[in-house]
Amino acid sequence: MYNSWYDVFPEIVMISDKELQKKVVETYEEALKTGGWQLNDIDTIPFTLLIPDTMISYRTHVRTVTRMSLKAYEEWEVYGEKFKLNKDYLLAGALLHDVGKLIEYEKTADGKTQKSQLGKNLRHPFSGCALAVKHGLPVEVLHTLSLIMLKKAMER
């Protein structure tokens, strides 16, 4: 079904910096391998385990967040030169915002998704940020992922 991350997330090509594209893909590759998933599992992983039997997949959720971020970027122009956004960093952050879920979750023998042992002890924003650091993503992208950590902490 999918041959590459570019098939899974066509929005990756919207990142104009090819090196940043490569780092996003490498981060996803490691998360997939570490979590024991296959590329074609991406539509069967739920975007959350908090909603039993959710119909929204991980892939659909990430694509939606990325596309919504792009729309926000397009509307940002009302601020003019006062506040600038880096489109590449915004897209990379949106694409990677839940990458840690590929480690936080695992597939059971019967094909269901559950929290992994690592996921029971370390939430996905932390593991995702660690992967992004390892693959040399810019601090501005890491900042995006760390904002998700702050939001998660505030929910508790």
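**The loop and the helices beyond it**

Mentor: T48 counts as buried, at 10% relative accessibility. Buried means under 20% relative accessible area, exposed means over 50%, and partly exposed is in between (1.4 Å probe, protein chains only). This is a predicted model, in which local features need pLDDT of at least 70, side-chain atom pairs count only at pLDDT 80 or more, and totals for chains, interfaces and linings use all residues. Residues are numbered from 1 along each chain as its sequence is written, and side-chain values use heavy atoms, with hydrogens and water left out.

T48 sits in the loop between helix 2 and helix 3. Helices are DSSP runs (H or I, at least four residues), numbered from the N terminus. The T48 side chain reaches the backbone nitrogen of L50 at 3.0 Å. That is a polar contact: N or O atoms within 3.5 Å, one able to donate a hydrogen and the other to accept it, with residues adjacent in sequence counted only if both atoms are side-chain atoms. Leaving aside neighbours within four places in sequence, T48 is in contact with T54, K101 and Y105. Contact means heavy atoms within 4.5 Å.

S57 lies in the loop between helix 2 (18-35) and helix 3. At 7% relative accessibility, S57 is buried. With neighbours within four places in sequence left aside, S57 is in contact with I42, D43, I45, P46 and F47.

Now helix 3. The axes of helix 3 (residues 58-75) and helix 4 (residues 87-96) come within 8 Å and cross at roughly 155°. That makes helix 3 roughly antiparallel to helix 4. Angles under 35 degrees count as roughly parallel, over 145 as roughly antiparallel, 65 to 115 as roughly perpendicular and the rest as oblique. Axes are lines fitted to C-alpha atoms, for helices over the stretch in contact, and angles run from 0 to 180 degrees between N-to-C directions.

From helix 3, V62, V65, T66, S69, L70 and Y73 meet K87, L90, L91, A94 and L95 of helix 4. By class, this contact of helix 3 with helix 4 has eight nonpolar, two polar and one charged residues. Asp, Glu, Lys and Arg count as charged; Ala, Val, Leu, Ile, Met, Phe, Trp, Tyr, Cys and Pro as nonpolar; the others, Gly among them, as polar.

Helix 4 is mostly covered, with seven of its 10 residues buried. They are D88, L91, A92, G93, A94, L95 and L96. L90, also in helix 4, is partly exposed, at 24% relative accessibility. Not counting residues up to four places away in sequence, L90 touches S69, Y73 and L85. The C-alpha atoms of L90 and L70 are separated by 7.9 Å, yet these residues are 20 residues apart along the chain. At the start of helix 4, a side-chain oxygen of N86 reaches to within 3.0 Å of the backbone nitrogen of D88.

Helix 2 and helix 7 pack at an angle of about 130°, with their axes 9 Å apart. That makes helix 2 oblique to helix 7. T27, E30 and A31 of helix 2 meet L131, A132 and K134 of helix 7. By class, the contact of helix 2 with helix 7 has three nonpolar, one polar and two charged residues. The buried residues in helix 7 (residues 124-134) include L131 and A132. G136 follows helix 7, with a positive phi near 75°.

Notes:
Helices (H or I, at least four residues) and strands (E, at least two) are DSSP runs, numbered from the N terminus.
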